[in-house]
Amino acid sequence: MKFQQNFSQKQQQTQKLAMTQHLQQSIQVLQYNSEELLAFVENQALENPLIEVVEPEWQSDYQKIRSANDNEETNYLNQIPDTSVSLFESLIEQIHLNYRQTFLRQLVLYLVEYIDLNGFLTIDLKEAQEQTNATSIEILDALTLVQQLEPAGVGARSLQECLMLQTERDDFAPELAYIVLEECFELLVNRKWKEIAQRFSIELSEVQRIFDYIQTLSPSPGRIFDRSSELYIIPDVKVMVDKDQKVSVLSRRGNQPDVRFQEHYFNQMLKRADKETQAYLKERKQEFDWLKKTILQRGDTILRVAQIIVSHQQAFFTNKERPIKPLTLKEVAKELEVHESTVSRAVNGKYLETEFGVFELKKFFTTRLQQSGTDTETDLSADTAQKKIQELVDQEDKIKPLSDQKIVELLKKDEILISRRTVAKYRDLLGIPSSSKRKRYDR
C-alpha cells in the first residue's frame, strides 16, 4: 500500500472582526456611567501630556491656590468643615463623654469595635470574654452600657433584641409591646395573632395596634449615619414636553468631560524633537483623537437609544398615569441596526431627566404579557399588570384582602389575562405580602 501526500496552494478570503485594544476600550467606555467616564478620562490624561480635561458641570470645582507664605497648596474644599459623623465616631464620643476611665469603659470600647453599620453587635459574648479576660458579669454590664447609647437599638444581637431596646426607651409605646416582643416574637411575625390575643386576654385589634407600632421602629438603627444618601444621579439625556405635547430628547453634553488637545505645546515640541520623540508625540496625538471620538460616539449612541425609547414610550411623558408599553432591547437594536449588547451597555447605569423625575433608561424596557393558557402575546406590558395589581391591593378591604385568584378574576375584567402564579410573581416583585399577611384586625 503506497502512502501519498498531495500538497497544493490556494487563496481564500475570509472576513473577521479583530478585537483590538482600542475597540475593547470603546466598548467599555459606552458602558461607563458619568463618574466612571470622568475617572477613565482623567487616567488617560495622566498618561498623555497632550490631553487637557475640562471637568463636566456636575463635578465640584476643586480649585487650588498656592499660599504666598509657605508655598503650600490649599484646597478650597478643605476650608469647609466636614460635619458628618459615622456611627462608630458617634458611639466613641458618647462613651468618652458619659463613662469614667475604668476597666468597664475599656470593655465598652472593645465591644463598640464589633458593631456593624446597621448597629448590630457581631461578636459573641463568650468570645469577647475570652479576648478581654473579663468575667461574664463584666461583659454583660459592658453590653448594657453599649445598648444605652444612641441611637436606640444599637448593640443588639438580633432583630428581636433591637426592637425590644427601641420599645423599652419609648414612653409612647403600647403597653404590651415590649412583653409581646420578648415572649411572642415568632407568633407575631408569623401572624398567629389569635394565640397572642388569648395568651394576654386582649382583642385582636390591640395586637394589630402593637404590630403597627413595631413597623414604625427601625430594623437597622445604625443606618441613620449612612452617607450614601449624599450621592446623586447624573442624567445623560433630558426629555422636554412642550405645550402641544410634543416630546423632544436633548443630550446632556455638559455632564460628560470635554477633552482638549495641547496644540501649541505639541507644535513646539514637534519642531525641536528628534525622530524618536516625534514618533512618541504623534502616537499621543492619535490617542487623543481616539479618546475624543470615543467620548462623542458614547454620547451619540446614548442619545440615539434614548430617542428610540422615547418614541415608543411617549405616553409615559405625556400621560399622568405614566403607562409603559412593551419594549425589548432586541427591538431597539433592530431599529438602530446595532447589536443587542450595544443597547444593553448604552442603557445600563444611564439616566433620563424629566420635569417630574429622573429615571434609569432600563426602566422603559418591559416584556409583553402572554395570554394565560395560550402562546399569544398582547400589547399590554408586564409593568401595566403590576400597576393594576398594586392599584387593586391599595383599594382592597384590609379586613378581607384579595386573594391571588380574586386578583386574577378582577384583572380579567380589564382584559388582562394572566395566571394566579404570574400574579403571585408580580406581587413578590412589588413587595406585596400574601393576603393572609395583609389582613388587618381593626374594629
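Student: What about E415, is it buried or exposed?
Tutor: E415 is exposed, with a relative accessible area of 63%. The cut-offs are under 20% for buried and over 50% for exposed, with partly exposed in between (1.4 Å probe, protein chains only).

Student: What kind of model is this, and how are residues numbered?
Tutor: This is a predicted model, in which local features need pLDDT of at least 70 and side-chain atom pairs count only at pLDDT 80 or more, while totals for chains, interfaces and linings use all residues. Residues are numbered from 1 along each chain as its sequence is written, and side-chain values use heavy atoms, with hydrogens and water left out.

Student: Back to E415. Where is it, and what is its phi?
Tutor: E415 sits in the loop between helix 17 (404-413) and helix 18 (420-429). Its phi is positive, about 65°, although E415 is not a glycine. Helices (H or I, at least four residues) and strands (E, at least two) are DSSP runs, numbered from the N terminus.

Student: Where is Q245, and what is its phi?
Tutor: Q245 has a positive phi near 65° and is likewise a residue other than glycine. You'll find Q245 in the loop between strand 4 (237-241) and strand 5 (247-251). At 41% relative accessibility, Q245 counts as partly exposed.

Student: And the peptide bond from E150 to P151, cis or trans?
Tutor: The E150 to P151 bond is cis, with omega near 5°. P151 belongs to the loop between helix 6 (136-146) and helix 7 (159-169). Most peptide bonds are trans, and most residues other than glycine have a negative phi.

Student: Let's zoom out. How many helices and strands does the chain have?
Tutor: The protein chain has 19 helices and 10 strands. Of its 443 residues, 37% count as buried.

Student: Helix packing next. At what angle do helix 8 and helix 10 cross?
Tutor: The axes of helix 8 (residues 177-189) and helix 10 (residues 204-214) cross at roughly 95° and come within 12 Å. That makes helix 8 roughly perpendicular to helix 10.

Student: Which residues make that contact?
Tutor: From helix 8, the contact uses A177, V180, L181 and L188, and from helix 10 it uses V207, I210, F211, Y213 and I214. By class, this contact has nine nonpolar, no polar and no charged residues. Contact here means heavy atoms within 4.5 Å.

Student: What lines the largest pocket?
Tutor: The largest pocket has 18 lining residues, and V189, R191, F211, I214 and Q215 lie nearest its centre. Helix 10 supplies the largest share of the lining, four residues. By class, the lining of the largest pocket has 10 nonpolar, two polar and six charged residues.

Student: How do helix 12 and helix 15 sit against each other?
Tutor: Their axes come within 9 Å and cross at roughly 95°, and helix 12 and helix 15 are therefore roughly perpendicular to each other. T301, I302, V305 and I309 of helix 12 meet T342, V343, A346 and V347 of helix 15. This contact divides into six nonpolar, two polar and no charged residues.

Student: And how many cavities of 30 Å³ or more are there?
Tutor: The structure holds two cavities of 30 Å³ or more. The largest cavity has a volume of about 70 Å³, and its lining includes R298, G299, I302 and L303. Helix 12 supplies the largest share of that lining, four residues.

Student: What about the second largest cavity, which residues line it?
Tutor: The second largest cavity is lined by T301, R304, V305, L336, V338, T342 and V343. Helix 12 and helix 15 each give two or more residues to this lining. The volume of the second largest cavity is about 40 Å³.

Student: How are cavity and pocket defined?
Tutor: On a 1 Å grid over the protein atoms alone, a cavity is a set of points where a 1.4 Å probe fits but cannot get out, and a pocket is an open set with protein on both sides within 12 Å along at least five of seven lines; lining residues have an atom within 4 Å of a point.

Terms used. Axes fitted to C-alpha atoms, helices over the stretch in contact; angles between N-to-C directions. Parallel < 35°, antiparallel > 145°, perpendicular 65-115°, else oblique. Nonpolar A, V, L, I, M, F, W, Y, C, P; charged D, E, K, R; others polar. Points joined across faces, edges and corners; volume = space filled by probe spheres on them.
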